[in-house]
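Subject: Model handover and findings

Hello,

Here is the model we talked about handing over. Please open it alongside this email; my notes follow.

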Amino acid sequence: MMAESVRGKPEGQHGTHMDGDAGVHAGTGKGNGGSHAPMSMDGMVRDMRSRFLVALLFSIPILLWSPIGREVIGFSTPAPFGMRDDVWMLILSLPVMGYSAWLFFEGAYQALKAHTLDMMVLVAVAIGAGWLYSLGITLTGGGEVFYEAATVLAAFVLLGHWFEMRARGGANDAIRALLDLAPPRAVVLRDGDEVEIPTADVVVGDLLVVRPGSKIAADGVVQEGQSEVDESMVTGESLPVSKGPGDEVIGATINKSGAMRVRATKVGSETALAQIVKLVQEAQNSKAPGQRLADRAAFWLVFVALIGGSVTFLAWLLAGRDVSEALLFAITVVVITCPDALGLATPTAIMVGAGLGAKRGILFKNAMALERSARIDVVVMDKTGTLTRGEPEVTGVVTDDYNENELLRLVAAIERQSEHPLAEAVVRAAEDRGVPRAEATSFQSIAGHGATGTVEGHQVVVGNRRLLEREGIHVGSLSKARDRLTATGHTAVTVAIDGEPAGLIAIADAARETAAAAVRELHAAQVQVVMLTGDNEATARRIAADLGIDDVIADVLPQDKAAKISELQRAGKKVAMVGDGVNDAPALAQADLGVAIGAGTDVAIEAADVVLMRSDPHDVATALKIGRGTLRKMRQNLGWAVGYNAIALPIAAGLLEPRFGLVLRPEIAALSMSGSSLLVAVNALMLKGLHLPVLNPSASGLPEQGKVSRA
């Protein structure tokens with residue numbers, strides 16, 4: 001199901017550097033590329049290898065019977081059947097021109113039909129000019145020919161394309177790995193019986209039987225059973241996630257322990273895995289601003305190469321050289337100026353960068369997001385749900401004479417009767433500490449104030465100041481501690497036992513375990529961190545101080561968040577906004593880079609440029625580092641491609657021949673050009689070795705919970 005639905009758009013569809021579709025479709029050998037689906041990347045690699053091997057097989061004997069073979073190598077065997085050498089070379093060249101090199105002519109035709117110039121045009125001109133000139137010489141009685149130059153040129157260019165496609169296939173490992181995650185078969189309940197069917201046949205509403213150790217076939221909701229699910233292949237989260245009835249599960253994740261029954265809610269292209277693959281493919285296939293610049297440069301470089309070849313040919317003719325020498329220089333100019341490396345410079349880096357992010361659960365929606373992430377100097381983070389867990393948590397207990405755990409035990413007995421979020425936080429804290437359970441009687445909830453009850457003969461009052469005043473209890477010495485907690489953004493729950501004040505329970509929206517580490521990583525990358533929240537100033541300042549955040553913008557209404565982002569941009573900052581809610585969507589859209597926490601709303605994810613599948617702020621720094629590494633590789637590749645052409649062009653034109661005797665033949669130019677392309681591809685693949693931040697929750701830098709100073 002998953003694999004087939006996603007494979008509808010093969011990972012190889014992005015094409016090669018042979019200028020997109022023209023090259024790819026020409027490589028299919030099926031006439032015009034518009035009427036047939038393009039090959040998969042593996043098919044394209046095999047096709048290019050076959051073309052190269054045919055060109056190589058026939059180029060070797062052609063080279064032996066050429067002037068190079070006769071005069072340089074000393075090959076003396078006469079051509080068979082008493083033929084002239086040039087006639088024999090013509091016959092040997094036909095398979096190369098008709099099969100191996102045909103994709104260049106077809107690609108050139110497609111490019112010219114689209115009113116553009118690309119490297120296919122250059123290669124077709126170089127090979128075609130040499131071969132047609134040689135054909136004319138052969139048919140008119142013989143003379144110096146360039147069959148070996150044409151066929152060896154084709155072989156070397158095809159060799160470069162073959163290596164490049166293999167490199168691109170390596171850059172696409174992330175897509176291939178994601179596609180392979182989908183299980184081929186699923187077990188479903190049909191009419192009460194367990195039936196094993198192809199995963200592609202699973203439909204929404206099917207009840208999946210998921211046994212321990214097996215993969216979940218589709219996105220769904222657990223109906224029965226408890227288990228731990230390994231979601232690392234989709235979210236990047238290394239620890240298994242506990243699942244029970246009502247919990248959502250992701251297709252292709254692995255059920256580790258217990259058996260479950262899961263109701264399928266999304267199948268095929270709608271599943272989370274399919275959407276991830278789609279996002280990664282779109283990012284790899286899209287063009288960054290730098291790539292569009294490279295495309296324009298490649299167009300003009302082709303134009304210059306054609307003009308330069310013509311000028312070179314005429315100049316050498318006017319200098320008194322014969323047609324064959326002038327044509328040799330002209331073909332070399334055209335070959336060596338092929339913008340192969342220029343066209344390959346940014347796509348390979350983008351593919352590797354997007355794939356690298358996908359392996360870490362960081363999804364760049366397009367190439368522009370990758371490039372923008374490299375230029376960010378301010379990261380604005382929403383507080384609730386992004387830097388914090390978005391749920392209240394006990395951060396400390398303040399007492400006079402009572403033992404902390406004993407106080408929690410009595411209060412938790414009361415709070416278990418309540419459904420208030422603060423009550424749930426107290427119960428969780430008691431359970432986390434392993435406090436023995438107690439039961440409450442005579443429970444009474446007072447709306448907006450708190451609750452009272454009897455626990456093991458003790459009258460317990462839990463709530464705010466107004467509740468204690470109503471019960472005639474004075475807080476006394478705890479008032480200063482309560483004021484201090486309130487000033488630092490905590491909610492102070494007051495506890496009285498048997499009519500006397502006993503302590504305070506400090507509750508706050510606690511920071512995520514990795515938030516402080518995320519801020520440190522961003523600071524190490526010279527990025528300023530700003531917290532943007534609608535919460536009050538005191539709460540925001542407390543969390544910011546704990547995490548080491550540079551600046552706080554608090555008390556902001558949802559509709560004003562985008563305006564705050566705009567203010568930073570007007571100050572000349574490149575701003576990334578990180579958020580998870582509907583109220584963050586306008587700010588995400590306004591920012592130079594919108595980053596959505598994966599557990600956030602669909603609206604936020606739709607508005608963002610980058611999605612963090614793990615809902616981990618630590619991945620923000622990782623995303624920026626991937627962006628910077630990708631942009632660095634793009635610049636290195638562009639620099640090499642432009643520099644190579646600037647140096648090689650005058651040598652190819654023969655400017656050094658009169659003084660130094662340095663001449664490049666077309667075959668050597670082709671080898672040099674292919675080597676340049678391979679160097680660019682390998683340099684992009686080295687991005688896979690980028691040193692990314694390693695998450696260490698134990699070193700998160702958060703203050704230890706429960707250590708609020710005593711009154």
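Which residues of strand 21 lie on one side and which on the other, and are they buried or exposed? Leu593, Val595 and Ile597 are on one side, Gly594 and Ala596 are on the other, and all are buried. Buried means under 20% relative accessible area, exposed means over 50%, and partly exposed is in between, with a 1.4 Å probe and protein chains only. Five of the five residues of strand 21 are buried. In a regular strand the side chains alternate between the two faces of the sheet.

Ground rules first. This is a predicted model, where local features need pLDDT of at least 70, side-chain atom pairs count only at pLDDT 80 or more, and totals for chains, interfaces and linings use all residues. Residues are numbered from 1 along each chain as its sequence is written, and side-chain values use heavy atoms, leaving out hydrogens and water.

Helices (H or I, at least four residues) and strands (E, at least two) are DSSP runs, numbered from the N terminus. Two strands pair if DSSP finds at least two bridges between them.

Angles run from 0 to 180 degrees between N-to-C directions, and axes are lines fitted to C-alpha atoms, for helices over the stretch in contact.

Now the pairings. Strand 20 and strand 21 are parallel, with four bridges. There, Met577 stands opposite Gly594 in strand 21. Strand 21 also pairs with strand 22, in the parallel sense, over three bridges. Ala596 has Val611 in strand 22 as its bridge partner. Strand 18 (residues 528–532) runs parallel to strand 19, and three bridges join them. Val530 is opposite Asp551 in strand 19.

Contact means heavy atoms within 4.5 Å.

Two packed helices are described by the angle between their axes and the distance between the axes. For helix 21 (residues 515–524) and helix 26, the angle is about 25° and the axes are 7 Å apart. That makes helix 21 roughly parallel to helix 26. The cut-offs are under 35 degrees for roughly parallel, over 145 for roughly antiparallel and 65 to 115 for roughly perpendicular, with the rest oblique.

On the helix 21 side, the contact has Ala517, Ala518, Glu521 and Leu522. On the helix 26 side, it has His618, Val620, Ala621 and Leu624. These residues divide into six nonpolar, one polar and one charged. Here Ala, Val, Leu, Ile, Met, Phe, Trp, Tyr, Cys and Pro count as nonpolar, Asp, Glu, Lys and Arg as charged, and the others, Gly among them, as polar.

Six strands form an open sheet in the order 2-1-3-9-4-7, with antiparallel pairing. Strand 2 (193–198) and strand 7 (248–249) are the edge strands, and each pairs on one side only. Strand 4 (residues 219–224) runs antiparallel to strand 7, joined by two bridges. The bridge partner of Gly220 in strand 7 is Val249.

**Salt bridges**

The count is 14. A salt bridge is a side-chain nitrogen of Lys or Arg within 4 Å of a carboxyl oxygen of Asp or Glu.

- Asp86 and Arg84 meet at 2.9 Å, N to O. Asp86 is buried at 6%; Arg84 is partly exposed at 38%.
- Glu371 and Arg375 have their closest N and O atoms 3.3 Å apart. Glu371 is buried at 7%; Arg375 is partly exposed at 37%.
- Glu404 and Arg433 meet at 3.0 Å, N to O. The pair links helix 17 (residues 404–415) with helix 18 (residues 421–433), 29 residues apart. Glu404 is buried at 16%; Arg433 is partly exposed at 33%.

Salt bridges that share partners also join Glu406, Arg409 and Glu456 into one network.

Best regards
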